Amino acid sequence: MPRLNSHDDFTPLKEVIVGSAANYVGHDRDVSFELFHHENLKGFRSDWAYPRLTRAAAGRRESWTIKTRYAEELHEDVEALAAALAGLGIAVHRPLPLPPDSAPIAGLGWEAAPTPALNIRDNTLILGGEIIETPPAIRSRYLETRLLAPVFTAYWEAGARWTTMPRPTLTDNSFDLSYARDTATTLGGPTEAIEDPRPSPYDVGVEMMLDGAQVLRLGRDLVVNVAQDNHTRGAEWLQRHLGHQYRVHRVWRMADNHIDSMVLALRPGVFLARHDGIRDLMPEPLRSWKFVVPPEPDAGAFPVYDDYEDLVLTSPYIDLNVLSVDEHTVLVNGECTGLVKLLEAEGFDVVPVQHRHRRLFGGGFHCFTLDTHRTGGFEDYLS
Ligand SMILES: NC(=[NH2+])NCCC[C@H](N)C(=O)O
């Protein structure tokens with residue numbers, strides 16, 4: 001296994017891990033899940049999005065079955081993504097698949113059904129030659145990175161540093177509810193508060209939680225989206241851990257959590273951004289970059305889901321979540337023709353890959369992957 005080296009999202013990609021959708025059978029709807037996906041579950045008011053939930057969710061755990069056809073089609077699309085990357089000459093690694101009928105996992109005072117290591121961008125941050133496992137905010141994802149342990153072990157054996165951020169206890173009181181309580185969503189509408197956390201003998205107060213996908217990596221500069229105190233603590237940990245070599249720029253509430261359906265760097269000087277306002281939310285030195293903004297998503301490009309049976313977890317902007325293979329070549333969901341055309345007009349080579357159910361499983365190609373080897377180094381793109 002060659003050495004781990006990944007400082008950015010756009011220099012030539014040599015090795016990547018592609019998530020697995022095997023045996024994705026359902027979601028555990030407990031307080032951690034409801035809070036994390038709050039914005040899409042409750043805040044998005046549009047006639048083609050999921051209607052708001054009617055019952056308070058705090059403290060409850062309810063399993064929500066995903067229709068077999070959607071799970072199978074997702075699996076097909078993810079396997080095709082892995083094959084497309086391999087076809088481009090990139091070494092592709094895979095997590096362990098979640099076994100069928102896997103037993104629930106448990107923490108102090110809670111139990112949850114595990115989900116497969118699909119959106120692997122979320123719970124790990126690769127910074128250069130270091131693997132940093134980030135503290136999960138969703139209970140059912142608590143052990144997800146263990147499915148990546150064989151790959152991480154191989155990189156460790158080849159010399160990588162391997163770090164785990166402090167693990168949260170994830171009691172109901174661990175969560176800072178302020179974002180869910182007091183913001184208009186990034187999609188415009190107000191959100192409904194999630195109330196009524198249950199006390200636990202294991203309460204430790206508000207904990208550090210930060211997903212790798214909240215971090216935009218640009219060599220020695222990191223842009224970290226912070227929306228509430230769980231994130232503030234995570235960003236603080238990261239700054240202390242990395243010391244002064246890195247510049248950790250915090251951006252306030254660009255998104256509820258993940259940044260990668262808001263803004264992605266396509267090459268030095270060029271961002272792909274959800275809307276024009278993203279420029280003003282970025283750290284000052286990055287505002288002079290070009291921001292390419294795709295046309296508004298076309299409602300007709302998404303499968304039609306059942307308002308009550310199918311849980312929509314992402315916004316219609318999810319196709320912005322592309323994966324760059326190098327500074328000229330981008331893997332794009334072929335179903336998103338507006339974006340394909342725009343990137344071609346901007347001079348990129350687009351590799352179209354099918355991804356049908358991007359609204360049901362929380363991610364696109366950037367989320368499903370973790371680039372472990374790109375040729376770029378610890379550059380200063382701001383000078
Ligand atoms: N790394 C990820 N899982 N990113 C996906 C973010 C999706 C975002 N919450 C949206 O609704 O568009």
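Q: At 2% relative accessibility, does Cys367 count as buried or exposed, and why?
A: Read the percentage against a cut-off: buried means under 20% relative accessible area. Cys367 has 2%, so Cys367 counts as buried. Keep in mind that this is a predicted model.

Q: What is the relative accessible area of Cys336?
A: The value for Cys336 is 17%. That is under the 20% cut-off, so Cys336 is buried.

Q: How many disulfides does a search of the whole structure find?
A: Start with the general idea. A disulfide covalently links the sulfur atoms of two cysteines. Here the search of the whole structure returns zero.

Q: Which residues are closest to the ligand?
A: List what surrounds the ligand, then pick out the closest. Here 13 residues surround the ligand. The closest are Asp122, Asp260, Ser261, Ser315 and Cys367.

Q: Which polar side-chain atoms lie 3.2 Å or 2.8 Å from a nitrogen atom of the ligand?
A: Check N and O atoms, and keep the pairs within 3.5 Å. His258 places a polar side-chain atom 3.2 Å from a ligand nitrogen. For Asp260, a polar side-chain atom lies 2.8 Å from a nitrogen of the ligand. Do not skip the backbone: a backbone N or O atom of Gly362 is 3.2 Å from a ligand nitrogen.

Q: How much of the ligand's accessible area does the protein cover?
A: On its own, the ligand has 350 Å² of accessible area, and the protein covers 95% of that.

Q: Which members of the largest nonpolar core touch the most other members?
A: The general idea first. In soluble globular proteins, nonpolar side chains tend to be buried together. In this model the largest nonpolar core has 26 residues. Leu74, Leu81, Leu85, Leu118 and Leu331 touch the most other members.

Q: Which elements give two or more residues to this core?
A: They are β1 (13–18) and α3 (68–87). The largest share, seven residues, comes from α3.

Q: What is Leu81 in contact with, leaving aside its neighbours within four places in sequence?
A: Leu81 is in contact with Val18, Leu331, Val353, Phe365, Phe368 and Thr369.

Q: Which residue other than glycine has a positive phi near 60°?
A: Asn23 has phi near 60°. Asn23 sits in the loop between β1 and β2 (26–28). Its relative accessible area of 32% makes Asn23 partly exposed. Asp101 is another non-glycine with positive phi, at about 55°. Its place is the loop between β4 (91–93) and β5 (105–107). At 81% relative accessibility, Asp101 counts as exposed.

Q: Where does Thr169 lie, and what does Thr169 touch?
A: Thr169 is in the loop between β9 (161–164) and α5 (178–182). With 18% relative accessible area, Thr169 is buried. Not counting residues up to four places away in sequence, Thr169 touches Leu108, Trp110, Ser174, Tyr202, Val204 and Glu207.

Methods: Residues are numbered from 1 along each chain as its sequence is written. This is a predicted model: local features need pLDDT of at least 70, side-chain atom pairs count only at pLDDT 80 or more; totals for chains, interfaces and linings use all residues. Side-chain values use heavy atoms; hydrogens and water are left out. A nonpolar core is a set of buried Ala, Val, Leu, Ile, Met, Phe, Trp, Tyr and Cys residues joined through side-chain atoms within 4.5 Å. Buried means under 20% relative accessible area, exposed over 50%, partly exposed in between (1.4 Å probe, protein chains only). Helices (H or I, at least four residues) and strands (E, at least two) are DSSP runs, numbered from the N terminus. Contact means heavy atoms within 4.5 Å. A residue is near a molecule or strand if one of its heavy atoms lies within 4 Å of it. A polar contact is a pair of N or O atoms within 3.5 Å; within protein, one must be able to donate a hydrogen and the other to accept it, and residues adjacent in sequence count only if both atoms are side-chain atoms. Accessible areas come from the Shrake-Rupley method with a 1.4 Å probe; for residues, only the protein chains shown count as cover. A disulfide is a pair of cysteine sulfur atoms within 2.5 Å.
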